[in-house]
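Trainee: I have just opened this one and would like a guided walk through it. Could you take me from the overall picture down to single residues?

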Amino acid sequence: PMRNRNVTGDPDSPFPFPSTIDPDVGINSIQTYELVTNEYFSLNIQTRNVGGKSPELVLEKTLDREIHSNHELVLIAKDGGIPERSGTVAISIIVEDANDNSPVYSQSVYRVSLPENTPRGTLVLTVNATDLDEGYNAEIAYSLSGHTSDRVSELFSLDSKSGEIRVKGNLDFEENDVFEINVQAKDKGPYAIPVYCEVLVTITDVNDNAPEVTLTSLFSPVGEDALPGTVVAVISAADRDSGANGQIQCQNRNVTGDPDSPLPLPFHHCRLSDTVQQ
């Protein structure tokens with residue numbers, strides 16, 4: 001016959017066996033027990049006060065369900081008769097899971113780039129953690145850690161089951177060009193220990209800002225005898241975008257707004273990298 005036993009004990013923990021019966025008496029009754037060699041378990045024989053012997057299974061080595069989830073043993077009972085007779089029983093040891101593993105992320109740092117005009121609901125990326133335990137001990141819940149800023153919470157959402165991070169607000173490169181999202185993963189077992197990963201989101205610029213032109217100085221009226229090169233007005237222009245999107249070039253147009261019409265006066269301008277003055 002086979003007997004099943006669930007085990008979660010520590011080394012040196014004894015596990016008594018059910019009674020073994022031999023109808024014979026004296027030397028012909030059960031005299032000894034043997035356990036087929038196993039590195040995790042040994043046999044301890046107890047002598048009862050009223051005679052007879054009782055075997056106990058002793059755990060010799062810490063069990064790890066993630067390495068061996070079950071152990072198959074064979075117990076042999078022998079009498080002292082001639083010829084010697086024996087009986088065997090197969091013992092199946094099932095190792096129950098303990099919440100001894102924390103989740104592990106596939107990577108500790110995730111990096112992604114998004115244009116600032118990314119629509120709401122867009123998937124940013126999916127964080128992923130696994131747990132070697134089973135059942136509730138392996139079920140992982142994701143959340144934003146307590147170190148997450150209010151602004152990040154306003155702009156990004158995190159699905160607690162799937163680990164999906166999505167855009168939920170309006171991104172603006174000119175406001176923030178990088179966000180750090182700290183994500184916690186924690187299993188649902190007892191005494192769970194949370195683990196963390198970093199998600200670095202870089203926002204890239206799009207040309208979503210028009211140049212702003214400001215008249216800073218105006219010298220009027222201008223005499224008809226003004227010499228060429230006389231400063232008539234100082235105009236500033238700036239663009240909040242970056243790179244090529246923030247480079248400004250000014251052009252003269254006549255009062256009609258027709259760029260092909262000749263200019264009524266020979267005005268000219270100077271061009272700078274990001275800010276232009278005329």
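Mentor: We will go from the whole chain to its cores and sheets, and then to a few single residues.

Mentor: Please keep in mind from the start that this is a predicted model.

Trainee: Okay, how many helices and strands does the chain have?

Mentor: The chain has 1 helix and 19 strands.

Trainee: Let's go inside. Which residues touch the most other members of the largest nonpolar core?

Mentor: That core has 27 residues, and those touching the most other members are Tyr 105, Val 127, Phe 156, Ile 165, Val 183, Val 199 and Val 201. Among the elements that give two or more residues to this core are helix H1 (150–155), strand E9 (109–115), strand E15 (178–187) and strand E16 (195–204). The largest share, 5 residues, comes from E16.

Trainee: You listed Phe 156 there. What is it in contact with, leaving aside neighbours within four places in sequence?

Mentor: With those neighbours set aside, Phe 156 is in contact with Leu 114, Val 124, Ile 165, Arg 166, Val 167, Lys 168, Leu 171, Phe 179, Ile 181 and Val 201. There is also a second, separate core of 15 residues, which includes Leu 57, Leu 63, Leu 75 and Val 95.

Trainee: Now the sheets. In what order do the strands of the 4-strand sheet come?

Mentor: The order in that open sheet is E9-E16-E15-E12, and the pairing is mixed. E9 and E12 are the edge strands, each with a single partner strand, so one side of each has no neighbour in the sheet. From one strand to the next, the twist averages 25°.

Trainee: Do E9 and E16 pair in the parallel or the antiparallel sense?

Mentor: Their pairing is in the parallel sense, over 7 bridges. As one example of facing residues, Val 112 stands opposite Val 201 in E16.

Trainee: And how is the 3-strand sheet put together?

Mentor: That one is also an open sheet, with its strands in the order E10-E14-E13 and antiparallel pairing. E10 and E13 are its edge strands, each pairing on one side only, and neighbouring strands are turned by 20° against each other on average, direction ignored. E10 and E14 are joined by 3 bridges, and Leu 123 stands opposite Arg 166 in E14.

Trainee: What about Thr 122, where does that lie?

Mentor: Thr 122 lies in the loop between E9 and E10, and it is partly exposed, with a relative accessible area of 25%. A polar atom of its side chain lies 2.8 Å from the backbone oxygen of Pro 119. Leaving aside neighbours within four places in sequence, Thr 122 is in contact with Ile 165, Arg 166 and Val 167. Thr 122 and Ile 165 are 43 residues apart in sequence, and their C-alpha atoms are 8.7 Å apart in space.

Trainee: One more topic, the backbone. Which residues does a cis peptide bond join?

Mentor: A cis peptide bond joins Ile 82 and Pro 83, with omega at about 0°, and Pro 83 is in the loop between strand E6 (70–79) and strand E7 (86–95).

Trainee: And what is phi of Tyr 191?

Mentor: Phi of Tyr 191 is near 55°, a positive value in a residue other than glycine. Tyr 191 is in the loop between E15 and E16, and it is exposed, with a relative accessible area of 80%.

Definitions and conventions: Residues are numbered from 1 along each chain as its sequence is written. This is a predicted model: local features need pLDDT of at least 70, side-chain atom pairs count only at pLDDT 80 or more; totals for chains, interfaces and linings use all residues. Side-chain values use heavy atoms; hydrogens and water are left out. A nonpolar core is a set of buried Ala, Val, Leu, Ile, Met, Phe, Trp, Tyr and Cys residues joined through side-chain atoms within 4.5 Å. Buried means under 20% relative accessible area, exposed over 50%, partly exposed in between (1.4 Å probe, protein chains only). Contact means heavy atoms within 4.5 Å. Two strands pair if DSSP finds at least two bridges between them. Axes are lines fitted to C-alpha atoms, for helices over the stretch in contact, and angles run from 0 to 180 degrees between N-to-C directions. A polar contact is a pair of N or O atoms within 3.5 Å; within protein, one must be able to donate a hydrogen and the other to accept it, and residues adjacent in sequence count only if both atoms are side-chain atoms.
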